[in-house]
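Visitor: I would like to learn how to read a few backbone and packing features. Please take them one at a time.

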Amino acid sequence: MSNHEESETHAVGSTRLFVTVWIWLAAITGLEVFLGYERLQPGLMLTLLVVLSLVKAALIVTYFMHLKYEKLSLTLMVIPSTIFCICMILIFFMPDALRLLQIRTH
Amino acid sequence: MHETKTDASLSSPWAGGVSPFAINSKKFGMWLFLVSDTLTFAAMLLAYSYVRLANPDWPRPFEIYPAILNATVMTVILLFSSLTMVLGVSAAHRNDRSKAVRYLLFTAGGGILFDILHLREWFHLFAEGYTPWSTPQGVPLFGASFFGITGLHMTHVTIGVIYLLIIAFGYGKKNFDSTDVEVSGLYWHFVDLVWMFVFPMIYLMSIKL
């Protein structure tokens with residue numbers, strides 16, 4: 001149990017680290033807005049935006065939400081289950097959504 | 001009877017004797033809530049994409065100026081409040097109560113500013129004829145999904161502001177400890193994280209398909 005107490009109070013990153021992560025987040029946001037301004041092809045733009053947003057989400061969860069400093073067991077319980085559930089929603093929605101897009105363009 | 005409880009099966013991390021995740025129950029509860037909330041927002045954003053693809057005349061009222069500029073300012077404000085939140089949590093871990101409270105109040109202020117800008121945008125849209133049940137183009141699904149998602153997010157921000165104010169005042173009065181500040185931080189970062197998907201999916205993807 002003494003081990004438990006220690007892990008609650010350990011250092012969780014420095015101000016410098018947080019500011020660095022924040023600058024990255026702001027920079028990626030800037031890039032996303034630039035993409036919105038450029039008006040690329042919808043498919044390409046959606047892919048880029050989703051990838052960039054996932055990078056931002058990963059940065060927030062890893063550093064701001066301290067998941068990097070928790071035990072691996074918490075990460076393994078929280079992240080894969082969430083990804084699995086979102087994939088399940090996607091599997092049910094995607095084929096139908098793509099079919100809708102095809103019906104529309106014809 | 002008590003001697004038998006010290007065998008290997010009960011002293012393992014998963015037997016209930018020790019915390020397997022080495023975090024306290026408040027933090028664990030918040031993580032579980034955030035997982036379920038992630039799925040709520042994921043389902044809503046996917047439903048938005050679906051109804052958008054299903055409607056050829058989907059309204060696109062978000063021009064670069066003023067809508068996307070406004071949403072970008074909102075994003076930066078929310079991002080900035082995340083930074084003050086994380087610095088507040090650090091200060092709380094160092095037992096620097098006055099600094100932590102100040103950072104928490106800054107964070108709550110960012111949330112209030114976000115809400116004000118968002119509501120202002122909503123009222124502009126109302127004035128242009130976009131409501132939760134109708135649009136000028138006759139696509140009520142746009143109103144329902146747009147105001148549904150951003151409204152749910154705004155509710156999260158508003159609850160977050162109230163939560164942060166309670167934690168800030170309680171922590172200042174020493175009713176709460178640094179763990180409570182950290183748990184409120186988890187919630188606040190999650191609200192920020194959700195907006196990092198709402199902003200590109202709804203505002204930036206407001207292009208011709």
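Guide: Begin with the elements: helices (H or I, at least four residues) and strands (E, at least two) are DSSP runs, numbered from the N terminus. By that rule, Lys174(B) falls in the loop between helix 5 (140–172) and helix 6 (178–204) of chain B. This is a predicted model, in which local features need pLDDT of at least 70, side-chain atom pairs count only at pLDDT 80 or more, and totals for chains, interfaces and linings use all residues. Residues are numbered from 1 along each chain as its sequence is written, while chains are lettered from A and ligands numbered from 1 in the order in which they are written.

Visitor: How many helices and strands are there in chain B?

Guide: Chain B has six helices and zero strands. Its pattern along the sequence is α-α-α-α-α-α.

Visitor: What is the phi of Lys174(B), and is this residue buried or exposed?

Guide: A residue is buried if 20 or more other C-beta atoms lie within 10 Å of its own, exposed if 12 or fewer, and partly exposed in between, with C-beta atoms placed from the backbone. Lys174(B) is not a glycine, yet its phi is positive, about 65°. Lys174(B) counts as exposed because it has 8 C-beta neighbours inside 10 Å.

Visitor: Where is Asn95(B) found?

Guide: Asn95(B) sits in the loop between helix 3 and helix 4 (97–127) of chain B. Asn95(B) is not a glycine either, and has a positive phi of about 65°. It has 10 C-beta neighbours inside 10 Å and therefore counts as exposed.

Visitor: Which peptide bond is cis?

Guide: The bond from Tyr65(B) to Pro66(B) is cis, and its omega is near 5°. Pro66(B) belongs to helix 3 (residues 64–93) of chain B.

Visitor: What radius of gyration does chain B have?

Guide: The radius of gyration is taken over C-alpha atoms, and the globule rule is 2.2 Å times the number of residues to the power 0.38. For chain B the value is 21 Å, whereas a compact globule of 209 residues would have one near 17 Å. Along the principal axes, the C-alpha atoms of chain B fill a box of roughly 75 × 40 × 25 Å. Of its 209 residues, 37% count as buried.

Visitor: How far apart are Gly109(B) and Ile149(B) in space?

Guide: They are 22 Å apart, C-alpha to C-alpha, and 40 residues apart in sequence. Gly109(B) lies in helix 4 of chain B.
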